[in-house]
Amino acid sequence: MKELKSLFQEKTQHVQKDLKDILKNHGDLQVDTVVLRQVIGGMRGIKSMFSETSLLDPIDGIKFRGYSIPELRDSLPKSSRGDEPLPEGLFWLMLTGEVPSQSQVEGLADDWEKRSQVPEHTYRMIDSLPLDTHPMTQFSMAIASMQTESVFAKKYAEGISKMKYWDPMYEDVMNLIARLPHIAAYIYRRVYHDNKQIKADESLDWAANFAHMLGNNDEEFQDLMRLYLTIHADHEGGNASAHTTHLVGSTLSDAYYSLSAGMNALAGPLHGLANQEVIKFIFAMLDEIGTKTPTDEQVSKFIHKTLDEGRVIPGYGHAVLRQPDPRFTAQKKFSEKHLKEDDLIQVVWQLFRLVPDILDGLGKVKNPWPNVDAHSGAILVHYGIKEYTFYTVLFGVSRALGVLSNLCWARALGLPLERPKSVNLEWIKNYITENTNS
Ligand code: CMX
């Protein structure tokens, strides 16, 4: 069907040109409460979602129920064996708005441990996939495969009142969160460690047990996982994985369908997959230059080359942030404490020194600063998790905490089906004619 393909290409070129002209000449034209630039440009900044769990400020970064990342590190309960906050505590905070006590997080960890049995058919489904299936595909499919267990779907089929939706949703959410580290570790060990699985250690907290099942019992790595699973958990409601989970949930799809969809959004290279792209980019650069300790000049040259090829610098830029991401800073602080001498960490910091000025020089990048994904890979490599195609799964286990607490809230508040209005090119052109002198 060559004819169809070339016809399509020709049509896109016309519309592309029209949209470019419209953006240039009428981008600021008001349409209802927004402007045309936002209608065409990915809805940037339109306040049209309700989400209680966190709020993102372009300068200050993310605040979870009013707590910045440094404040979380001070305020949330910790394990007796580490300095970093327990993600159980963040989940409690996001769900209730209250900082839990030590015994409350321990109770939550116990509850998750009791709910952690993954159905046998999920393991069989994962095993049926080719080994080289991307781990995010395996993860998303594994989540969807557990939909057979949905309490919400069962209660809905029985005719539950809408006033009670939150209850089975809460049960699904708790069951899902409890099982995610088990599925993720299973995929990791299956793909990269000859399917040699490691049994859970019930005495450990949620993150430390995950680290253990991945195959690393180093206490420093366990603490890293507590930090990692805390800082990636939420970035208010409009980011692609949170928004997708919310949108799918708004149709009264259950938590399994909703999270699986959200993970598919996270798997895009402009979103969560950027964490694997960053380390790939660094490895490719070091490989090409032929050293582990490149000079600033060599690194700058590689960055310019990447941009000249029409590619983005992964780990840099953000749709909302206009400062270095506090999640990047938290990982930098962790590295300054534990990994200062690591060559790869030094390269991450070298990029931090060089990339922002180069991106600024392009004159179009709104935020030249590093985001969360710029740092995580190099830390994981240090602790032996070198298989970077797995990195986004780690992000996903954490992101589930935020998007699933939002799902509980959405059903508790009876938030409606999402249904924004879209318009076509003809509508936009007519609108411009009716509302301007052109
Ligand atoms: N490298 C090169 N160019 C970049 C860039 C980067 N890191 N960041 C933005 N730009 C470019 C955009 O591609 C766009 O170019 P065009 O006008 O030619 O299309 C221009 O600068 C303006 O983009 P923007 O308004 O600054 O950024 P957006 O809100 O459109 O996009 C983001 C935000 C994150 C997709 C973008 O910065 C990017 O592609 N970054 C690299 C990928 C990445 O790190 N993603 C992870 C984000 C965090 C996460 O969700 O995990």
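Student: By class, how many nonpolar, polar and charged residues does the shell around the ligand have?
Tutor: Ala, Val, Leu, Ile, Met, Phe, Trp, Tyr, Cys and Pro count as nonpolar, Asp, Glu, Lys and Arg as charged, and the others, Gly among them, as polar. Here the shell has 12 nonpolar, six polar and four charged residues. A quick word on the model: it is predicted, so local features need pLDDT of at least 70 and side-chain atom pairs pLDDT 80 or more, while totals for chains, interfaces and linings use all residues. Residues are numbered from 1 along each chain as its sequence is written, and side-chain values use heavy atoms, with hydrogens and water left out.

Student: Which residues around the ligand come nearest?
Tutor: A residue is near a molecule if one of its heavy atoms lies within 4 Å of it. Of the 22 residues around this ligand, His271, Gly315, Lys364, Lys366 and Asp373 come nearest.

Student: Which side chain has an N or O atom 2.8 Å from an oxygen atom of the ligand?
Tutor: A polar contact is a pair of N or O atoms within 3.5 Å; within protein, one must be able to donate a hydrogen and the other to accept it, and residues adjacent in sequence count only if both atoms are side-chain atoms. That side chain belongs to Lys366. Backbone atoms take part too: an N or O atom of Leu270 lies 2.8 Å from a ligand nitrogen, and Tyr316 has a backbone N or O atom 2.8 Å from a ligand nitrogen. The protein covers 75% of the 890 Å² of accessible area that the ligand has on its own (Shrake-Rupley method, 1.4 Å probe).

Student: What does the domain assignment give?
Tutor: Domain bounds come from an automatic or database assignment. This chain has domain 1 (54-270 + 386-413) and domain 2 (274-382), with 27 Å between their centres, taken over C-alpha atoms. The ligand shell draws at least three residues from each domain.
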